[in-house]
Structure formats: structure tokens, C-alpha cells
Amino acid sequence: MGIIWKTLGMMMSAAGEVAAPRTCYLCGTHLAVNEDFLCLGCLTSLPRTNYHRDPYNDLQRRFLHLRHPVRAAAWCYYSRRSELSRLIHAVKYHDSAALGRWMGRCFAEEIVPEGFLNDVDMLIPVPLNWRKRLLRHYNQAAEIACGIAEVSGTPVAEVMTARAHSSQTRLSGSMRRRNVSAELYAVRRPELIPAGANIAVVDDICTTGATLSTVIGAILRDCPDTGTVTVLTLGATLFH
């Protein structure tokens, strides 16, 4: 009986492909059965940073001012006109939560086998203000974290809250830093971050590091006995 249902499922999936073929988000070519969201060519062409192999990488240096042990890794290099920008824009503004979760899985599949997350006890997504979450239907950072968790087995802990503030998207570096402060974020339930816990803070992209620094600062304020902090993002700009 199981074989019959499996065969029927495969036939329905094939029929669906004929009626509405799946295409690559970037180049529009039809996806193969073993491809999701991007064709293999577009997926492999995304410019990897390999920051997880360099403990003093360009992203990690953005958090030296925190005077707390911070590691950092980003999946790919990011710029406003990059292919990665198109993908993240779809996740944030076009109701593509599944794409965000899939990219989180892709990122994790490249860093987990090398042991980068071995000592991380929990994944904490950068929170969204409730109004933004209502508009987007989800928090993109939480979807990315869930994708990472599916590969690493590390639990996701949505323990933070965020107050409303203006968008960072079109602000300069100095304006971004003025636009956020630790008072915007708080750990809703500090007891969920045990003393000595090693955490990873997850977001979609990092440019100046202002938002992530502020979130980490709020965590260290509310949970001062936190262990090491790891930053995980899908994209990171080159830091100057």
C-alpha cells in the first residue's frame, strides 16, 4: 500500500511540474528534481566569504569594540546590486519565508561539517518590532535561524523583543549607528539564556554591524554571564 501512495505522490508531483514548473529565482531556468529555489549554477556562483575558516575575518572585526569574545561568519559577500541582495529582498518583502529557511540550511551545510557551530548552545534571531512582523507575516532572521537549526540541531530561542525604529536600509554608516541603541532591544526572558551559555545571533545581512552590535549589547546587559557570542549572517558587505 505504501508503494502505491508513494507512486501516486510522485505522479502528482510530476503533474504539478508540468502545470507550473519550478524555476530558478535568479536566472529563470527550470529547476531539476534535486534543486530548490536556485539552479546549481546560480547557487555555486554566489560569492562565498569562507569567514568561518578565519577567526580574525573582516566581519569579526566589526565587533571588537564590544570587548567580549565574538566570532563571526557570513555565507556570502553582499552588495545592494548583488544576486544575494535579490534573494534577501524576496525573503523580506515578497513573503518568501521558505527561501530564507532554505538559505539558512545552505549556509549551515557549509559550516557545520567543519565544526564551526560545535560549541553553540542556542541560536537567537535578531527580533523584529511587532508591526514589521505583522506586515511581513514572519521574522526573516528567525526563518534563517530555523534553517540553520535543521542542519546543526542547535535550538532556536526567540527570546528578544524590539521597539519600533526607522529603517536602516538607506542610511549611511554613521546614521545607522545613531539610529539604534541598546534601549531598542531587550531579552524578554533572561532565564532562557543560562549563565555561560554560548549563543549565536542570527540576521540576514551585516553592513556596518550597528544593529547586531546593539542586539549583542542588549543581551550582555540583560544576561551579563553569557559565554561566547557568534554572529551568523547570510550576507556581509566588505568593511572599510
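In strand 6, Val 70 has Val 229 as its bridge partner. Helices (H or I, at least four residues) and strands (E, at least two) are DSSP runs numbered from the N terminus. This is a predicted model: local features need pLDDT of at least 70, side-chain atom pairs count only at pLDDT 80 or more, and totals for chains, interfaces and linings use all residues. Residues are numbered from 1 along each chain as its sequence is written, and side-chain values use heavy atoms, with hydrogens and water left out.

**Exercise 1.** Work out the strand order of the open sheet and find which strands stand at the edges.

*Solution.* Start with pairing: two strands pair if DSSP finds at least two bridges between them. Strand 1 and strand 6 run parallel and are joined by seven bridges. Strand 5 (residues 199-206) is also joined to strand 6 (residues 229-236) by seven bridges, again parallel; Cys 206, for instance, pairs with Ala 236.

**Exercise 2.** Check the length of helix 8 against its residue count, then decide whether the helix is enclosed.

*Solution.* First, the length. The expected span is 1.5 Å times one less than the number of residues. For the 13 residues of helix 8 (residues 210-222) that gives 18 Å, and the end C-alpha atoms are 18 Å apart, so the two agree.

Next, burial (buried means under 20% relative accessible area, exposed over 50%, partly exposed in between, with a 1.4 Å probe and protein chains only). Ten of the 13 residues are buried, so helix 8 is largely enclosed by the rest of the structure. Among them are Leu 212, Val 215, Ile 216 and Ile 219.

**Exercise 3.** Is Thr 208 buried or exposed, and what does its side chain reach?

*Solution.* Locate the residue: Thr 208 sits in the loop between strand 5 and helix 8. Its relative accessible area is 17%, so Thr 208 is buried. Then look at the side chain of Thr 208, which reaches the backbone nitrogen of Ala 210 at 3.1 Å.

**Exercise 4.** List what Ile 193 touches, leaving aside neighbours within four places in sequence.

*Solution.* Apply the contact cut-off (heavy atoms within 4.5 Å). Ile 193 is then in contact with Met 122, Ile 124, Val 159, Val 187, Ile 199, Ile 219, Cys 223 and Thr 226.

Terms used:
Polar contact = N/O pair within 3.5 Å; in protein donor to acceptor, adjacent residues only side chain to side chain.
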